Amino acid sequence: MAYTTIDDPSAYFQAKLHTGTGSEHAVSGIGFAPNWVWIKSRSDAHDHFIHDTVRGATKRLNSLNTDAEATVAEGLKSFDSDGFTMGTNGNINEDDETFVSWNWKETADAGFDIVSYTGSGSAKTVAHNLGVKPDVIICKSRSGVEEWRPYFSALGATYAMRLNGTNTKDDDAGYWNDVEPTSSVFTVGTNAGTNGSSVTFIAYCFSAKQGYSKFGSYKGNDNANGTFVYLGFSPAWIMIKRTDSVNDWIILDNKRNPINPSNERILANTNAAASTANTMVDFLSNGFKPRSTYGGINSANNFIYMAFAEQPFVTSTGVPATAR
């Protein structure tokens with residue numbers, strides 16, 4: 001029996017903590033050359049810096065707003081073999097401030113593909129290289145001022161979310177043309193947020209890999225003994241969003257909280273510093289479990305999530321994970 005397709009998740013995803021210096025320096029020890037890097041200050045209200053190797057190192061997107069891509073010469077300056085190099089920009093390198101970066105390797109083996117395309121204004125398909133149907137597509141206009149538009153298979157192609165806002169799921173055929181993605185393409189409709197005419201876009205496409213990543217939904221129970229969400233691995237990173245009411249996109253990871261409960265949240269849709277208010281989630285050997293009744297993670301309502309592994313529940317050779 002195959003318990004996992006990936007025995008060492010740290011070869012494809014890694015959260016990394018660092019302290020700013022105010023001077024150009026490398027952040028290393030990630031263990032691979034990252035293709036997608038997302039950086040946020042923990043200690044101060046600074047913007048998110050989202051970079052990828054397809055657009056180029058200095059090209060920044062910000063998950064909290066609709067801004068077009070910006071060139072930040074002193075932001076992330078290069079992708080390196082074991083991490084990345086930062087410039088002097090205070091949003092990601094203020095002296096003595098604490099930061100976290102989330103780093104992904106792009107490969108179909110880990111279910112991750114970065115796709116750049118140009119919109120047409122009319123329904124069209126866009127090719128991807130996952131080889132299986134994507135479970136999540138996070139789409140953002142590069143050259144236009146538009147919302148971030150994520151697709152989740154747990155909601156279906158009739159809906160899109162808004163990463164830069166607290167909004168509920170949005171039913172509009174203009175986003176994905178009400179057509180589910182396939183193993184080779186995804187479809188965009190006429191909405192400017194996914195297919196504006198002559199506008200350039202970037203799409204981060206993910207498919208679940210047993211023992212490494214999972215993307216789905218759960219129903220909260222409004223109880224401190226929260227709903228258990230089975231993943232098949234001990235999580236390293238989770239992002240949660242309530243879909244039927246106004247709430248934030250909550251990001252937790254195993255480096256900011258190495259022991260349970262994981263309660264230092266960063267919000268993808270604001271520039272706020274990290275906070276421990278309300279959010280408590282146990283990272284377990286095979287999933288996660290909310291430990292509060294906070295409406296952003298565990299009201300008696302519906303939630304979607306993205307999760308990446310620290311270690312599989314059982315390795316391909318039968319070695320089990322341990323609880324932390």
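1. Arg-42, Asp-253, Arg-256 and Glu-264 are joined in a network of salt bridges, a salt bridge being a side-chain nitrogen of Lys or Arg within 4 Å of a carboxyl oxygen of Asp or Glu. The structure holds 13 salt bridges. The model is a predicted one, in which local features need pLDDT of at least 70 and side-chain atom pairs count only at pLDDT 80 or more, whereas totals for chains, interfaces and linings use all residues. Residues are numbered from 1 along each chain as its sequence is written, and side-chain values use heavy atoms, with hydrogens and water left out.

2. Lys-77 and Glu-24 form a salt bridge whose closest N and O atoms are 3.1 Å apart. This pair links distant parts of the chain, 53 residues apart: Lys-77 belongs to strand 7 (residues 76–80), and Glu-24 to the loop between strand 1 and strand 2 (25–27). Helices (H or I, at least four residues) and strands (E, at least two) are DSSP runs, numbered from the N terminus. Lys-77 is partly exposed at 30% relative accessibility, as is Glu-24 at 48%; here buried means under 20% relative accessible area, exposed over 50%, and partly exposed in between (1.4 Å probe, protein chains only).

3. A salt bridge also joins the side chains of Glu-180 and Lys-133, at 3.0 Å from N to O. Glu-180 lies in the loop between helix 2 (173–176) and strand 16 (185–188), and Lys-133 in the loop between strand 11 (124–127) and strand 12 (136–141); the two are 47 residues apart. Glu-180 is partly exposed, with a relative accessible area of 32%, and Lys-133 is partly exposed at 36%.

4. In the salt bridge between Arg-149 and Asp-170, the closest N and O atoms are 3.9 Å apart. Arg-149 lies in strand 13 (residues 149–152) and Asp-170 in strand 15 (residues 170–171), so the pair ties together parts that are 21 residues apart in sequence. Arg-149 is buried, with a relative accessible area of 5%, whereas Asp-170 is partly exposed at 24%.

5. An open sheet of 5 strands has the order 18-25-20-21-22, with antiparallel pairing; two strands pair if DSSP finds at least two bridges between them. Strand 18 (213–219) and strand 22 (266–267) each have a single partner strand, so one side of each is left without a neighbour in the sheet. Strand 18 pairs with strand 25 (residues 302–312) over 7 bridges in the antiparallel sense, and Phe-215 stands opposite Met-306 in strand 25.

6. Another open sheet, of 4 strands in the order 1-9-3-4, is likewise paired in the antiparallel sense. Its edges are strand 1 (13–19) and strand 4 (49–52), each pairing on one side only. Strand 3 (residues 36–41) and strand 4 run antiparallel and are joined by 4 bridges, with Val-37 standing opposite His-51 in strand 4.

7. The largest nonpolar core has 36 residues, and those with the most contacts inside it are Trp-102, Trp-104, Tyr-204, Phe-206 and Met-306. Such a core is a set of buried Ala, Val, Leu, Ile, Met, Phe, Trp, Tyr and Cys residues joined through side-chain atoms within 4.5 Å. Among the elements giving two or more residues to this core are strand 1, strand 3, strand 9 (98–104) and strand 25. Apart from this core lies another, of 18 residues, including Leu-231, Ile-250, Leu-252 and Ala-307.
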